[in-house]
Amino acid sequence: MEGDHSIQQVINFVEEATRSLQEVAYAVNTGSMSPSLPCKPECVYFNLTTRENQRFCVRLTMRGFEVVGRDHDSLELEDEPDSGEAFETVYSLLDHLSPSYRASFHHALSDRLVQLESEDPQQPAAPVSGQH
C-alpha cells in the first residue's frame with residue numbers, strides 16, 4: 001500500500017541523535033555521531049564522554065537509546081543477553097550513566113531561572129533547553 005509507511009521510515013534517526021546531542025552538550029564532555037559505525041534507516045550510533053570521563057557508544061533505535069559499548073565506536077555489549085536497558089530519552093540515559101548530569105541539569109535550570117528574573121517582563125522568554 002503506497003501510503004502505508006512503517007514508523008521507522010518516518011523517524012530520521014540521524015536528525016534525532018544530532019538534536020539530542022546538541023541538547024545535552026552542556027552536560028557532557030563530548031558527544032558526536034560515530035565516524036566508523038554505520039548509519040542505517042533503523043539505527044544510528046553515537047559516542048558520548050560523560051563529565052566523569054567515561055566513554056560510551058550509544059545506539060538509537062525504535063527501542064530508544066541503548067549503551068552498546070564501553071568506549072567510543074565499540075559494540076562489545078551489543079549482543080550480550082540482557083546487556084542493556086533502552087532509555088526513552090537522552091536525558092534518562094544520562095541520568096543513568098552520569099551522576100554529574102543531574103547537577104549540570106539543575107545548574108543550567110537555575111541559571112535560566114535567574115536570567116528570566118532579570119529580563120524585562122514584557123519580553124517573551126526563550127525556551128529552556130535540556131529539559132529533564
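This note goes through the fold, the core, the strands and the helices of a predicted model.

1. **Overall layout.** The protein has 4 helices and 4 strands. Read from the N terminus, the order is α-α-β-β-β-β-α-α.

2. **Burial and surface.** The protein has 132 residues, and 33% of them are buried. Take the contacts between residues at least 6 apart in sequence: 39% of them join residues at least 24 apart.

3. **Main core.** The largest nonpolar core has 23 residues. Those with the most contacts inside it are F46, L48, V58, L60, F65 and L93. Helices and strands both contribute: α2 (13–23), β2 (44–50), β3 (55–61), β4 (64–69), α3 (90–97) and α4 (99–118) each supply at least two residues. The largest share, 5 residues, comes from α3.

4. **Second core.** There is also a separate core of 5 residues. Its members include C43, Y45, C57 and V68.

5. **V58, a residue to look at in the main core.** V58 is among the residues with the most contacts inside the largest core. Setting aside residues up to four places away in sequence, V58 touches V44, Y45, F46, L48, F65, E66, V67, V68 and L93. The bridge partner of V58 in β4 is V67.

6. **Pairing of β2 and β3.** These strands run antiparallel and are joined by 6 bridges. L48 has F56 as its bridge partner in β3. The β2–β3 hairpin has 4 residues between the strands. In this hairpin, N53 takes a positive phi near 65°.

7. **Pairing of β3 and β4.** This pair is also antiparallel, with 5 bridges. The hairpin from β3 to β4 passes through 2 residues. Both strands are mostly covered: 6 of the 7 residues in β3 are buried, and so are 6 of the 6 in β4.

8. **F56.** F56 is in strand β3. Its relative accessible area is 10%, so it falls under the 20% limit and counts as buried. Neighbours within four places in sequence aside, F56 is in contact with F46, N47, L48, T50, V67, G69, R70, D71, H72 and L97. G31 lies 25 residues away from F56 along the chain, and the C-alpha atoms of the two are separated by 9.6 Å.

9. **R59.** Is this arginine buried or exposed? R59 counts as buried, because its relative accessibility is 14% and the limit is 20%. R59 lies in strand β3, and its bridge partner in β4 is E66. Leaving out residues up to four places away in sequence, R59 touches C43, V44, Y45, G64, F65, E66, V68 and E78. Two of the residues on that list, E66 and E78, are glutamates.

10. **The aromatic pair.** The count of aromatic pairs comes to 1. The ring centres of F46 and F65 are 6.1 Å apart, and the planes meet at 75°, so the pair is edge-to-face. F46 belongs to strand β2 and F65 to strand β4, so the pair ties together parts that are 19 residues apart in sequence. Both F46 and F65 are buried.

11. **Helix α3.** Which residues of α3 are buried? They are V90, Y91, L93, L94 and L97. Seen down the axis of α3, these buried residues fall within an arc of 160°, so they line one face of the helix. The general rule is that an α-helix has 3.6 residues a turn, so residues three or four places apart point the same way. L93 is also among the residues with the most contacts in the largest core, and L97 is one of the contacts of F56.

12. **Helix α2.** The buried residues here are F13, A17, S20 and L21. They cover an arc of only 100° around the axis, which puts them on the same side of α2. The exposed residues E15 and Q22 are carried on the face turned away from that buried side.

Note on methods: Residues are numbered from 1 along each chain as its sequence is written. This is a predicted model: local features need pLDDT of at least 70, side-chain atom pairs count only at pLDDT 80 or more; totals for chains, interfaces and linings use all residues. Side-chain values use heavy atoms; hydrogens and water are left out. Buried means under 20% relative accessible area, exposed over 50%, partly exposed in between (1.4 Å probe, protein chains only). Contact means heavy atoms within 4.5 Å. A nonpolar core is a set of buried Ala, Val, Leu, Ile, Met, Phe, Trp, Tyr and Cys residues joined through side-chain atoms within 4.5 Å. The arc is that of the directions from the helix axis to the C-beta atoms. Rings of Phe, Tyr and Trp (its six-membered ring) pair if their centres lie within 6.5 Å; planes under 30 degrees apart count as stacked, over 60 as edge-to-face and the rest as tilted. Two strands pair if DSSP finds at least two bridges between them.
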